[in-house]
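I would like to walk through one model, chain by chain and then residue by residue, and I will give the cut-offs as we go.

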Amino acid sequence: MIHDLAPSLAGTNGSLIQIEHLTKVYQLGEVDVHALRGVSVNVSKGEFVAIMGASGSGKSTFMNILGCLDKPTKGSYLLEGIDVGKLSRDELAMIRNKKIGFVFQGFNLLSRTSALENVELPLFYGPTSNKIRKVKATEALERVGLGDRIHHYPNQLSGGQQQRVAIARSLVNDPSIILADEPTGNLDSRTSVEVMGIFQELNNNGITIILVTHEPDIAEFAKRHIVFRDGKIRADKVNSKPKIASEVIKDLPLIDDEEEAA
Amino acid sequence: MKILNIILSAFRALQRNKMRSFLTMLGIIIGVGAVIAMLAIGQGAEYSVKEQIAALGTNVLMVYPGAQQQAGVRSGAGSATTLTEDDALAISRECPAVQYISPGAFAGGQVIAGNLNWSTSIQGVGSDYLEIRQWLIEYGDFFTDQDIKAAAKVCILGRTVADNLFPDASPVDQTIRIRSVPFKVAGVLTKKGQNAMGQDQDDVILAPYTTVIRRLSHFPNLRFILVSATSLKDIAAAQTQISELLRMRHKIQQYDADDFTIRNQTDLAATATATTQVLTILLASIASVSLLVGGIGIMNIMLVSVTERTREIGIRMSIGARARDILTQFLIEALVLSLLGGITGIILGVVGSQVISSIAKWPTIITAFSIILSFGFSIAIGIFFGFYPARKAAMLNPIDALRYE
Ligand SMILES: Nc1ncnc2c1ncn2[C@@H]1O[C@H](COP(=O)(O)OP(=O)(O)OP(=O)(O)O)[C@@H](O)[C@H]1O
Ligand SMILES: [Mg+2]
């Protein structure tokens with residue numbers, strides 16, 4: 001390991017994420033697609049951010065860079081004070097493994113692999129022993145309310161349950177930050193609120209959460225709103241009165257007590 | 001990721017496509033099986049040739065007419081006419097390291113007894129032939145020096161010839177006709193059975209060499225002289241003495257080549273072994289081609305697998321798999337395929353060789369060497385043909401792999 005992954009406190013102002021003038025240009029043949037045109041933003045520890053904006057405004061591009069899955073064309077990105085742009089492929093993999101949990105709209109679970117094994121997966125790529133791995137993965141699944149489904153395969157689970165498995169996977173390695181790109185995009189409204197409830201609970205336990213959503217209702221659960229337009233941040237404001245998912249769910253009409261069909 | 005976990009998950013990945021994994025392994029199974037079987041056949045041949053030569057007796061020397069040819073190949077026995085009866089007598093008289101000597105002649109042909117006939121080879125030999133070969137007479141007598149001097153029409157039958165010509169009666173003192181010359185049967189040799197090559201050693205008739213030359217082959221010179229040295233350590237001495245004597249008798253100038261060839265067992269063994277080794281190598285190389293084809297099959301399937309599982313690779317990378325984790329994962333899958341195939345192939349090869357042995361009556365030998373070789377080959381093939389697809393997977397960009405449709 002060439003770079004020290006411990007936070008270098010110099011230049012940090014307590015921010016978890018510091019982003020300056022981030023741009024991303026995709027080259028499609030002759031045409032340059034400017035997905036991000038200079039984004040600067042800071043996110044502190046413990047925040048719950050909702051990112052909104054029209055389709056094609058660069059939200060996913062931004063999230064992928066935050067998640068160290070993609071590299072920006074220009075600009076700097078410091079995660080816990082580490083300049084991510086200077087890291088090697090292996091070091092980036094390590095960051096993804098230890099510090100970041102990613103939740104995708106399409107769940108991205110391994111098919112024909114049980115919920116438990118899906119959740120164990122991040123621990124495989126770390127030093128965790130087989131025994132502890134199982135315990136941790138089971139705990140994470142219990143935390144998202146799937147303690148009774150650990151041996152189910154993804155195709156035996158509803159969409160909401162699959163997304164909860166994905167959330168369990170994202171938090172199993174105790175990340176500092178969970179990134180979720182439209183995590184409720186494929187879910188009905190009740191299940192969406194349930195998932196938001198899980199995020200809120202995780203956030204209350206100190207995990208920073210950044211999620212992308214198209215639905216203003218969903219964004220209402222976050223503490224801060226950032227709006228993208230044409231690859232830039234158009235608005236960035238605090239949501240002083242976030243809704244509490246556990247309360248909202250009580251007011252939702254019950255269609256079926258056990259509605260969990262995919 | 002711990003290696004045991006990777007191996008386990010490789011097994012599970014292969015289990016998901018049982019048929020496909022099996023067909024891929026089949027290439028390696030057949031390849032390794034063929035290599036093992038071919039090596040077994042080749043080495044079996046090598047072994048039986050050595051056996052056969054050893055069966056001649058250890059202190060035996062063969063003297064052939066004609067010069068030694070390149071690479072130990074002797075020209076046909078009929079092409080040189082330099083060995084005479086007098087040479088043989090001189091050897092027995094003047095070479096102290098020589099114990100027994102038997103001049104030799106050949107004839108082949110149809111043998112008739114009553115209304116039965118049999119076709120076999122007739123060896124003209126001297127009275128000490130049995131001592132040299134360490135053969136025994138089962139019943140009757142061997143011919144005497146007197147018979148040889150007189151070119152008497154007597155013969156000794158091998159067991160097979162005796163059984164075929166005289167199924168019911170004792171052949172001793174009966175008359176057989178070889179190429180219409182009547183011979184009296186003096187005795188029958190003890191059964192020696194098949195040699196390691198599957199040749200029947202009892203399918204032979206022995207007669208005085210003088211009789212064979214004068215009555216059957218009408219070729220005046222000797223085809224060979226069989227000599228035994230007084231002891232094992234005298235072989236070299238016997239060889240030098242014979243050589244010096246024959247050079248003198250044949251008036252060969254100092255720097256001219258011999259017009260005869262003396263072979264001891266080691267020479268014979270070396271020549272024969274070299275020949276069968278070429279056979280072994282040839283067979284094994286043909287078989288390794290199928291192993292190579294099997295390897296290409298593995299590469300093909302691994303490439304398909306990498307493409308099919310691009311999203312899986314993306315997911316694994318997004319949760320922290322490093323390039324080398326992905327590389328090992330796919331490499332181990334290829335290795336598991338080739339190793340399972342290799343082990344099954346070894347079993348198949350061993351069983352197959354036994355079957356060949358028992359059906360074709362061909363000796364087969366399976367050595368630790370050929371098993372280790374095949375095993376090593378399978379590992380090498382797994383690594384070699386698995387590496388490229390595995391590297392292709394490992395080099396993927398996380399986001400591209402995740403977006404792959
Ligand atoms: N791999 C790519 N190659 C080329 N252009 C791309 C690529 N990915 C995204 N883009 C372009 O970048 C722009 C931003 O895309 P992005 O996916 O970030 O939008 P988004 O805000 O997530 O939209 P949505 O809400 O529909 O998910 C779009 O114009 C898109 O066409
Ligand atoms: Mg998007």
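This is a predicted model: local features need pLDDT of at least 70, side-chain atom pairs count only at pLDDT 80 or more; totals for chains, interfaces and linings use all residues.

The accessible surface of chain A comes to about 12,000 Å², and 51% of that belongs to carbon and sulfur atoms; these areas come from the Shrake-Rupley method with a 1.4 Å probe, and for residues only the protein chains shown count as cover.

Residues are numbered from 1 along each chain as its sequence is written, chains are lettered from A and ligands numbered from 1 in the order in which they are written, and side-chain values use heavy atoms, with hydrogens and water left out.

Let me turn to the overall form of each chain. In chain A there are eight helices and 10 strands, where helices (H or I, at least four residues) and strands (E, at least two) are DSSP runs numbered from the N terminus. Its C-alpha trace spans about 50 × 45 × 40 Å along the principal axes. The radius of gyration of chain A is 18 Å, which agrees with the value near 18 Å for a compact globule of 262 residues; this radius is taken over C-alpha atoms, and the globule rule is 2.2 Å times the number of residues to the power 0.38.

Chain B, by contrast, has a radius of gyration of 32 Å, whereas a compact globule of 405 residues would have one near 22 Å. The C-alpha trace of chain B spans about 100 × 60 × 30 Å along its principal axes, and its secondary structure consists of 13 helices and 10 strands.

How much of each chain is buried? In chain A, buried residues make up 53% of the 262 residues, and in chain B they make up 49% of the 405 residues. Buried here means under 20% relative accessible area, exposed means over 50%, and partly exposed is in between, with a 1.4 Å probe and protein chains only.

As for contacts, meaning heavy atoms within 4.5 Å, if we take those in chain A between residues at least 6 apart in sequence, 72% join residues at least 24 apart. In chain B, residues 24 or more positions apart account for 78% of the contacts with a separation of 6 or more.

On charge, chain A has 30 positive and 33 negative side chains, with the centres of the two sets 5 Å apart. Chain B carries 34 positive and 30 negative side chains, and there the centres lie 12 Å apart. Lys and Arg count as positive and Asp and Glu as negative, while His and the chain ends are not counted; the place of a charge is NZ of Lys, CZ of Arg, CG of Asp or CD of Glu.

Now to individual residues. Leu110(A) sits in the loop between β6 (100–103) and α3 (115–124) of chain A, and it is buried because its relative accessible area is 7%. Which residues does Leu110(A) contact, leaving aside its neighbours within four places in sequence? They are Asn118(A), Leu121(A) and Pro154(A), together with Glu312(B), Ile315(B) and Arg316(B).

Ser44(A) belongs to strand β2 (residues 31–44) of chain A and is partly exposed, at 31% relative accessible area. Beyond its neighbours within four places in sequence, Ser44(A) is in contact with Ser15(A), Leu16(A) and Thr208(A). Ser44(A) and Ile17(A) are 27 residues apart in sequence, yet 6.5 Å apart in space, C-alpha to C-alpha.

Cys68(A), in the loop between α1 (59–66) and β4 (74–79) of chain A, has a phi near 60°, a positive value in a residue other than glycine. Arg179(B) also has a positive phi, of about 45°, although it is not a glycine; Arg179(B) lies in the loop between β6 (175–178) and β7 (181–189) of chain B. Most residues other than glycine have a negative phi.

Finally, the cysteines. Cys68(A) is buried at 4% relative accessible area, and Cys155(B) is buried at 0%. How many disulfides does a search of the whole structure find? Over all chains it finds zero, a disulfide being a pair of cysteine sulfur atoms within 2.5 Å.
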